[in-house]
Amino acid sequence: MKALTEEDIRGAFVNATDDQLARLPMPGLHETIWEDREFLGWRDAQAAQLGYLVHWDDAEQQAIGIVVRAAGGSMRAGIAAMCSFCHSPQPATQVRLFSTPRAGEPGRNGSTIGTYICEDLACSLLIRRQPPHLNPPEQIERRGSALLGRVRNFTADVLKTA
């Protein structure tokens, strides 16, 4: 992922309200290893149901960000679930349904979409966690490319106005 500044991130959100932008907490950008990220995702420590996703759009040469809201409660413990972004199977308690308003007029009129995502929004880190002998660089590159494609598809759905 292209390295982003706080200004880049604040200007990227396509479905945030003015209040959300004013209160937008920044992740530790100085700690971010950008080349190990397909997107930047973080949760709001002050408003636990809120999360933020930002990715670089090569076609538009800009960052695109969306605000997501976690559903109350989690899936039943003891079963497995899969994140729709990174396709990593994990305990159901680590995957959460997130919804987000569409951008523009549809979102202001209540139109939302949702999907199941890793609860900590750290998919980019999760696809790299396995020991190197089980997760060679070529496999990480393939998984990263597929992950970014699914994130881009989701944000493209957020941007649809019809």
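## Close-up views of a predicted model

**View 1. The cysteines, with no bond between them.** The structure holds zero disulfides, a disulfide being a pair of cysteine sulfur atoms within 2.5 Å. C83 takes part in no disulfide, and the nearest cysteine sulfur, that of C123, is 3.6 Å away. C83 is also buried, at a relative accessible area of 1%; here buried means under 20% relative accessible area, exposed over 50%, and partly exposed in between (1.4 Å probe, protein chains only). Now look at C86: the closest cysteine sulfur to its own is in C118, and the 3.6 Å separating them is too far for a bond. C86 counts as buried too, with 3% relative accessibility.

A word on the model itself: this is a predicted model, in which local features need pLDDT of at least 70 and side-chain atom pairs count only at pLDDT 80 or more, while totals for chains, interfaces and linings use all residues. Residues are numbered from 1 along each chain as its sequence is written, and side-chain values use heavy atoms, with hydrogens and water left out.

**View 2. E105 and its place in helix 3.** You will find E105 in helix 3, which covers residues 104-108. Helices (H or I, at least four residues) and strands (E, at least two) are DSSP runs, numbered from the N terminus. E105 is partly exposed, its relative accessible area being 45%. Follow the chain on to T161: E105 and T161 are 56 residues apart in sequence, yet their C-alpha atoms are 7.3 Å apart in space.

**View 3. The fold as a whole.** The chain has five helices and seven strands, and along the sequence they follow the pattern α-α-β-β-β-β-β-β-α-β-α-α. The chain is as compact as a globular protein of its length, because its radius of gyration of 15 Å is close to the 15 Å that the globule rule gives for 162 residues. That radius is taken over C-alpha atoms, and the rule is 2.2 Å times the number of residues to the power 0.38. Along its principal axes, the C-alpha trace spans about 45 × 40 × 30 Å.

**View 4. Inside and contacts.** Of the 162 residues in the chain, 41% count as buried. Contact means heavy atoms within 4.5 Å; among contacts between residues at least 6 apart in sequence, 56% join residues at least 24 apart.
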